[in-house]
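Me: I have a structure to go through and would like to know what the terms used for it rest on. Please set each value against its definition.

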Amino acid sequence: MERTVVRTFLYLAFLAPPPSLTFSDQFAFRPTGFTSAAIISLLHTITSLLQANPYVVISLDFSKAFDSVRHSMLLSKMSELDLPAYVYNRMVSFFSDHAHRTVYNGEVSYTKSISASIVQSSSIGPASYAVTAADLRQLHADNSLVKYADDLVIPATHADTRVAALGHIAAWAADNNLRLNKTKTREVVFYDNQRRHRIQPPLPDMTRGTTLKVLGVTFTDTLSASNHVRCVISDSAQSLYALRVLRHHGRSKAGLQTVFRAIVVSRLTYAASEWIGFITGTDNQRIEAFLHRSKRCGYCSPARSARLCSAGGGRGPAVI
């Protein structure tokens, strides 16, 4: 029932939202939204703007966002969507009359009414969070937002708009019962190392780094994915020990290769079509050497190609 409501009504309403809401910058909990699309959007923005100037990217995260969504404000935003009355009433019923109490050692606490949070394991919950974030827009017209669930990435075209942009988001978060996670807030200045550039000092109380991890893919401030390749190979190498243990316990070669595909190959190829153009020939050789080693151990099928791209980096698809 919940999936039917989401697929038939909520997703359809996302396609033609009212002017006060927008879903085009949210890449989670939508039929056409996924991590690769978010990474592509961010990289496209960065590479386009780098033709003119270096600029700042700020990565933000909300603390316990799903647990903090206020039902009254969520339903107020949902009422603006083009939903049939009976569907909206179903939403009201879904989020109403929730309570919690604790039983421990024979003692029962008093019952506490729940007026916030959404259920992540339900179909309605995640889609509802997309509605919650739909009225968050950038303050400066030339800046942009890339949203993925409770993660935000802000490419700031003008560095002097950073304070106002963050203040605007902090105010929105306070109005929506959300809180920015300062420990995960990070600022990176991307630049073209073949151009001269002047970089403004970092914002107070904010960490400035040289790498940015976007939905599991790490890029340096010069838009290199070499660090990502090294980390992925390191993590994959640790999985080989687990495969040795499985072989010691009698797992067949076919079974080991199935596990290798499910764990290692999926890790190596995650979002590969997005970062493949930002690695070097040396990075590609590292991947090929790791796969060659895995073949010698019998974990990787000999027929599986180890070529990710042409030497020197390329934008072709991964073919592991």
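**Helix 8 and its neighbours**

Reply: In helix 8, Ser226, Val229, Arg230, Ile233, Ser236, Ala237 and Leu240 meet Asp283, Arg286, Ile287, Phe290, Arg293 and Ser294 of helix 11. Contact here means heavy atoms within 4.5 Å, and helices are DSSP runs of H or I with at least four residues, strands runs of E with at least two, numbered from the N terminus. The model is predicted: local features need pLDDT of at least 70 and side-chain atom pairs count only at pLDDT 80 or more, while totals for chains, interfaces and linings use all residues. Residues are numbered from 1 along each chain as its sequence is written, and side-chain values use heavy atoms, with hydrogens and water left out.

Me: What makes helix 8 roughly parallel to helix 11?

Reply: The axes of helix 8 and helix 11 (residues 281–296) are 10 Å apart, at an angle of about 10°. Axes are lines fitted to C-alpha atoms, for helices over the stretch in contact, and angles run from 0 to 180 degrees between N-to-C directions. Angles under 35 degrees count as roughly parallel, over 145 as roughly antiparallel, 65 to 115 as roughly perpendicular and the rest as oblique. Helix 8 is therefore roughly parallel to helix 11.

Me: Which classes of residue form the contact of helix 8 with helix 11?

Reply: The contact divides into 6 nonpolar, 3 polar and 4 charged residues. Ala, Val, Leu, Ile, Met, Phe, Trp, Tyr, Cys and Pro count as nonpolar, Asp, Glu, Lys and Arg as charged, and the others, Gly among them, as polar.

Me: How do you know whether helix 8 and helix 9 are roughly parallel or antiparallel?

Reply: The axes of helix 8 (residues 226–248) and helix 9 (residues 253–269) come within 10 Å and cross at roughly 170°. That angle is why the two helices are called roughly antiparallel. Residues of this contact include Ser236 and Leu240 of helix 8 and Val264 and Leu268 of helix 9. By class, the contact of helix 8 with helix 9 has 10 nonpolar, 2 polar and 3 charged residues.

Me: Why is Ser236 called buried?

Reply: Buried means under 20% relative accessible area, exposed over 50% and partly exposed in between, with a 1.4 Å probe and protein chains only. Ser236 has 0% relative accessibility, so Ser236 counts as buried. Leaving aside neighbours within four places in sequence, Ser236 is in contact with Val264, Arg267, Leu268 and Phe290. The C-alpha atoms of Ser236 and Val264 are separated by 5.6 Å, although the two are 28 residues apart along the chain.

**Two other serines**

Me: Why are Ser63 and Ser68 put in the buried class?

Reply: Ser63 counts as buried because its relative accessibility is 14%, and Ser68 is buried with a relative accessible area of 14%. Ser63 is in the loop between strand 1 (55–61) and helix 3 (65–68), and Ser68 is in helix 3.

**A strand pair**

Me: How do you know that strand 10 and strand 11 pair?

Reply: Two strands pair if DSSP finds at least two bridges between them. Strand 10 and strand 11 (residues 217–220) have 4 bridges, in the antiparallel sense. Thr211 stands opposite Thr220 in strand 11. The covered face of strand 10 (residues 211–214) has Leu212 and Val214, and the uncovered one Thr211 and Lys213.
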